[in-house]
Amino acid sequence: MILKTAILAAAIGLAGIQGASAAEKDIVDTAVEAGQFKTLAAALDAAGLVTTLKGAGPFTVFAPTDEAFAKLPAGTVEGLLKPENKQKLTEILTYHVVPGKVMAADVAGLDEAKTVNGKAIDITVDGQSVKVNDASVIKADIAASNGVIHVIDTVIMPPEG
């Protein structure tokens with residue numbers, strides 16, 4: 001298990017934007033500063049979740065990049081950002097947040113995690129890759145003052161029901 005944890009931590013590495021300045025900023029400010037989460041930031045604002053994710057936490061956020069949002073069918077993001085779809089958007093975004101601070105080394109012992117949404121996400125470690133549902137973790141352990149961000153390449157959708 002220790003070897004598995006060490007291999008996992010080495011495989012997914014530390015993110016390039018991690019550092020002392022990142023740990024001084026909350027999750028929202030850290031993500032905005034990175035520049036690759038403009039769609040996520042707009043979605044958090046539309047859902048009214050910015051204040052929550054600037055709160056004490058700690059939170060673990062599986063953050064989809066702008067490219068991840070671009071993979072969704074045409075019109076999906078624009079539709080979700082409409083005020084009448086706030087509840088659905090909130091359900092999707094809170095499915096990307098796990099209460100507590102779950103670092104990459106902690107993931108090695110998990111096969112699922114319960115999200116703020118109330119539904120579980122599947123965690124799969126296969127050699128050097130880590131997946132959360134169908135999304136690959138492309139950067140891990142980006143420190144923030146109120147938690148940690150793991151960057152993913154796909155927007156994960158909560159199961160229906």
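Predicted model: local features only at pLDDT ≥ 70, side-chain atom pairs only at ≥ 80, totals over all residues.
Strand S1 spans residues 59-64 and is mostly covered, with six of its six residues buried. Phe59, Val61 and Ala63 point one way from the strand, whereas Thr60, Phe62 and Pro64 point the other way; residues of both sets are buried.

S1 pairs with two strands, S2 and S7, as set out below.

| Partner of S1 | Residues | Sense | Bridges |
|---|---|---|---|
| S2 | residues 97-99 | antiparallel | three bridges |
| S7 | residues 147-152 | parallel | six bridges |

Phenylalanine 59 has proline 99 as its bridge partner in S2, and phenylalanine 62 stands opposite histidine 150 in S7.

**Nonpolar cores**

The largest nonpolar core comprises 27 residues, and those with the most contacts inside it are Leu40, Leu53, Val61, Leu93 and Ile149. Elements that each supply at least two residues of this core include the helices H3 (27-34), H4 (38-47) and H8 (86-94), together with S1, strand S6 (135-144) and S7. H4 gives the largest share, namely four residues.

Residues up to four places away in sequence aside, leucine 53 touches Asp26, Ile27, Val28, Leu44, Phe59, Val61, Val97 and Asn146. Two of these contacts, Phe59 and Val61, belong to the set that points one way from S1.

Methods:
Residues numbered from 1 in each chain as written. Heavy atoms only, no water. Buried < 20%, exposed > 50% of the residue type's maximum accessible area, 1.4 Å probe, protein only. Pairing = 2+ DSSP bridges. Core = buried A, V, L, I, M, F, W, Y, C linked by side-chain atoms within 4.5 Å. Contact = heavy atoms within 4.5 Å.
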